[in-house]
Amino acid sequence: MVNTATAPVAAVGSYISSGSNALSQFSWEVAYMFGVNRTPVSQVHVTDAAMPAASAQDPSAREAGQTAPAAPPASQPAPDATPPMPPVAPSEPATPPVAAVAEAVAAAPQPRAADAKLLASLAVDKPQRRPDGSYFVPKPLQRMFDIRTHRADSVRTPLTVKLPGRIVPDPNAHGDVEASLLGRIEPPKTGMPVLGETVRKGQILGYVAPAIGVVDRSQVRREVARLTNEIRITAESVEILKQFWFVPFRDGKVMQAEVRLEGLRREREALLPMLQTQEVLRAAIDGVISASTAINGRIVHPGEKIFEIVNPQRLWIEAVAADPEVARGTQLVHDASAVTPEGDALDLTFIGSGLALQQQSVPLMFRIENPMDGLRVGRPVTVTVRNESKMREGIPIAREAVVNDSGGAEQVWELVEPEVFMPHTVKTEMIDGRSVLISAGLEPGARIVTHGARLLSQFQ
């Protein structure tokens with residue numbers, strides 16, 4: 001009876017206790033949320049009986065266990081909770097235990113980070129030098145350099161002779177504008193022509209006003225006045241003689257008077273330019289102003305050159321041959337060329353040679369066929385002439401295939417294998433402006449790099 005009477009009281013007390021606990025927990029959480037209660041939350045570790053080893057090795061599982069919400073102990077079930085079910089015996093797993101798998105994963109070596117340089121070297125092959133002196137150049141780099149090769153064969157070619165020369169203008173396309181009297185330069189209406197300006201034949205380039213002193217000018221004026229008076233008197237005498245028919249020797253006297261009158265007029269016309277006229281400076285040919293000394297107001301003397309006009313499309317080359325035998329051989333040559341200091345080749349045609357020696361050498365004249373832009377008069381060149389009477393055995397090759405190494409020696413590059421190149425030091429002789437003859441240092445039949453050799457030489 002006692003137990004029956006105290007049961008409701010115990011139930012009411014239990015409900016009051018659980019309500020007070022819930023209210024206390026709610027007030028504590030509200031105070032913690034607003035920052036009033038700074039008591040740290042106790043961390044609760046939850047262990048999983050099914051994966052004890054994996055939870056110990058895997059840090060992510062440990063972190064998940066730390067952040068998991070706290071669960072009530074098994075011995076103290078929550079109110080209104082269903083009673084725990086009896087444990088069920090697990091079935092035999094078909095795979096190895098999880099602990100063994102975790103240990104195997106932990107024991108396996110961890111992969112290391114790949115080296116960027118190693119990956120770059122594997123992605124793109126780099127050129128490198130081999131122990132035998134050859135160079136490995138991959139195909140992509142060959143395409144980038146635009147490598148071109150040609151098989152070298154030995155042939156017999158005429159021996160060539162090198163002659164020093166310089167560019168000169170064609171005498172028929174070269175003109176000088178000079179002053180014929182002492183005077184002062186005056187510009188035309190269009191202004192003074194400048195260097196490099198294109199002019200036409202007969203174009204007015206300037207004027208020369210006669211420069212005469214005060215005394216000289218007075219004498220010229222007095223002489224012009226005297227001649228004018230004599231011209232008037234002589235003309236009147238001629239008209240009077242023509243009116244009379246019975247004058248002895250009338251026709252002869254009239255003829256002498258007319259001749260004298262014409263001479264007086266010519267004398268006066270020769271003096272008038274010194275007072276009132278100007279000398280006109282005109283271009284003698286079509287061409288370009290190559291040299292100019294014209295300055296507005298400058299005094300020039302008779303015979304002084306003011307402008308030099310050159311036609312750039314008609315240029316010659318003057319070469320000198322110290323050996324008379326070479327000079328006689330060049331007269332019969334039909335294949336000659338020249339090379340400028342920049343390496344540009346010029347095709348030449350032999351014009352002739354002089355009989356008079358210049359500094360103990362024979363002058364030879366060649367005409368440049370189709371001159372390129374940028375050629376200058378007086379520029380030194382090297383003239384190459386083939387001597388048909390003398391032959392030489394060698395390997396002809398393009399001039400650009402021969403390069404200089406770090407020591408200054410001439411060399412060519414041979415393609416030994418599809419990606420292997422070998423440099424060879426050679427001895428060359430000039431054939432013409434575009435090709436040379438290899439006389440030593442290379443065997444016939446080799447594949448020589450004709451385009452891109454200068455880029456290959458940078459590997460050294």
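Contact here means heavy atoms within 4.5 Å. By that rule, phenylalanine 366 touches Trp316, Ile317, Ala319, Ala336, Leu348, Thr349, Phe350, Ile351, Val383 and Val385, leaving aside residues up to four places away in sequence. The model is predicted. Phenylalanine 366 also belongs to the residues with the most contacts inside the largest nonpolar core.

**Nonpolar cores**
- The largest nonpolar core has 20 residues. Ile317, Leu348, Phe366 and Val383 make the most contacts inside it.
- Six strands each supply at least two residues of this core: E4 (155-169), E13 (315-321), E14 (336-339), E15 (345-353), E16 (362-369) and E17 (380-398).

**Phenylalanine 366 and its ring partner**
- Phenylalanine 366 has 0% relative accessibility, so it counts as buried; the cut-off is under 20%.
- The model holds 2 aromatic pairs.
- In one of them, phenylalanine 350 and phenylalanine 366 have ring centres 5.4 Å apart. Their planes meet at 65°, over the 60 degrees required, so this pair is edge-to-face.
- Phenylalanine 350 sits in strand E15 and phenylalanine 366 in strand E16, so the pair ties together parts that are 16 residues apart in sequence.

**Strand E8 and its neighbours**
- Strand E8 covers residues 204-210. Of its 7 residues, 5 are buried, so the rest of the structure largely encloses this strand.
- Strand E6 (residues 183-186) runs antiparallel to E8, joined by 4 bridges. Glycine 183 stands opposite proline 210 of E8.
- Strand E9 (residues 279-282) also pairs with E8 in the antiparallel sense, over 4 bridges. Isoleucine 204 has arginine 282 of E9 as its bridge partner.

**Helix H8**
- Helix H8 has 22 residues (residues 250-271). At 1.5 Å a residue, the helix should span 32 Å. Its end C-alpha atoms are 32 Å apart, which agrees.
- Buried residues in H8 are Arg250, Val254, Ala257, Leu261, Gly263, Leu264 and Leu271.

**Proline 396**
- Proline 396 is found in strand E17. Its relative accessibility is 29%, so it counts as partly exposed.
- Proline 396 touches Asp153, Val155, Ile431, Val436 and Leu437, again leaving aside residues up to four places away in sequence.
- Valine 436 is 40 residues from proline 396 along the chain, yet their C-alpha atoms are separated by 5.7 Å.

Definitions and conventions:
Residues numbered from 1 in each chain as written. Predicted model: local features only at pLDDT ≥ 70, side-chain atom pairs only at ≥ 80, totals over all residues. Heavy atoms only, no water. Core = buried A, V, L, I, M, F, W, Y, C linked by side-chain atoms within 4.5 Å. Buried < 20%, exposed > 50% of the residue type's maximum accessible area, 1.4 Å probe, protein only. Expected span 1.5 Å × (residues − 1). Pairing = 2+ DSSP bridges. Phe/Tyr/Trp six-rings, centres within 6.5 Å; stacked < 30°, edge-to-face > 60°.
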